[in-house]
Amino acid sequence: MSKDHDHDYQPSDISLRVKAVESLLVEKGLIDREAIDRLVDAYENKIGPHNGARVVARAWCDPEFKKRLLADGTKAIAELGYTGIQGEDMVVVEHTANIHNMVVCTLCSCYPWPTLGLPPNWYKAAPYRSRAVIDPRGVLKEFGVDIPESTEVRVWDSNAELRYLVLPSRPEGTEKLSESDLAKLVTRDSMIGVGLPKTSA
Amino acid sequence: MNGIHDLGGRHGMGPIDIDPEQPIFHAEWERRMFGMFILAFAGGHFNIDQFRSAIEQMQPSRYLESDYYEHWLHSLETWCIKNGSLTEEEIDQRMKKLAEGAP
């Protein structure tokens, strides 16, 4: 291990240390405090799984859109206005009668920000990252999802360039729902593949 | 690099903490760290591969024990120190000042 930059501070100092770094970078004119506020507000309140839910609901209602979505995720998702950082190269994977998909980032926390927002904490933590690839069915059970042995489980490992979005199956009995009502059934976890869409709002 | 970050397939990392009520940020410093990362990235202080590379070279026990956004702080500091935007000494001094109640 290189010793050039050791960071021997205590965890209790972390808040103070972040404050110190921020105040220095602001003082040097390298970052803008209000810009941090705006970014935090955007990712805490505006950009989230409701974006991805709209994409899924559109795919459920519009077969042509669905074709475009599976052929070129980035381009089709951009039709709904969701573009930008951490969503530059999107691949959409569809559940079928025989295939269940789930997404992980074993190396870090790569996640499609424009469609799902920032990842939940378990997605970034060691237990999910380590186990999703060796015991996906066990992991799914922990999330309350029981996949029959006859269904193939495909685990997609994201990376810094490429992000996955799961296209879950449209729940039965929702034929009469509008696109916007359908979007309400689409949960964050169902687009990561560790949950299923709700069957009624 | 086959480092500690390469967690896929490891055993013994414990149960998954599935709490649907967990907030995106747990503390104000996490919010600030997140925002600083985007701005420093946009400002060209590092690219995404460099950012991850610094995290992947963290001391392994520290990597596993520290908070997620602490990894980000580690990387941001690493690159800002490398490019001369920050020094270890000024961070230490600023922390002391802030601890003494400076605004």
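In which sense, left-handed or right-handed, does H1(A) cross H4(B)? The model is predicted, so local features are reported only at pLDDT of at least 70 and side-chain atom pairs only at pLDDT 80 or more, whereas totals for chains, interfaces and linings use all residues. Residues are numbered from 1 along each chain as its sequence is written, and chains are lettered from A and ligands numbered from 1 in the order in which they are written.

Chain A is assigned two domains, namely domain 1 (12-45) and domain 2 (50-192); such bounds come from an automatic or database domain assignment. Taken over C-alpha atoms, the centres of these domains of chain A lie 31 Å apart.

Chain B contains five helices and zero strands. Helices (H or I, at least four residues) and strands (E, at least two) are DSSP runs, numbered from the N terminus. The C-alpha trace of chain B spans about 45 × 35 × 25 Å along its principal axes. Of its 103 residues, 33% count as buried. A residue is buried if 20 or more other C-beta atoms, placed from the backbone, lie within 10 Å of its own, exposed if 12 or fewer do, and partly exposed in between.

The two chains meet through 49 residues of chain A and 50 residues of chain B, where a contact requires C-beta atoms, placed from the backbone, within 7 Å. On the side of chain B that touches chain A, H1(B) contributes the most, with 10 residues. That side comprises 26 nonpolar, 13 polar and 11 charged residues. Here Ala, Val, Leu, Ile, Met, Phe, Trp, Tyr, Cys and Pro count as nonpolar, Asp, Glu, Lys and Arg as charged, and the others, Gly among them, as polar.

Ile16(B) stands in the segment before H1 of chain B. Ile16(B) counts as buried because it has 22 C-beta neighbours inside 10 Å. Among the residues that Ile16(B) touches are Trp122(A), Pro127(A) and Tyr128(A).

The opening question can now be answered: H1(A) passes H4(B) in a left-handed crossing. A crossing is left-handed if the near helix is turned anticlockwise from the far one by less than a right angle, and right-handed if clockwise. Helix H1 (residues 14-27) of chain A packs against H4(B) at an angle of about 35 degrees, with the axes 11 Å apart. Axes are lines fitted to C-alpha atoms, for helices over the stretch in contact, and angles run from 0 to 180 degrees between N-to-C directions.

Notes
Lists of a residue's contacts leave out its neighbours within four places in sequence.
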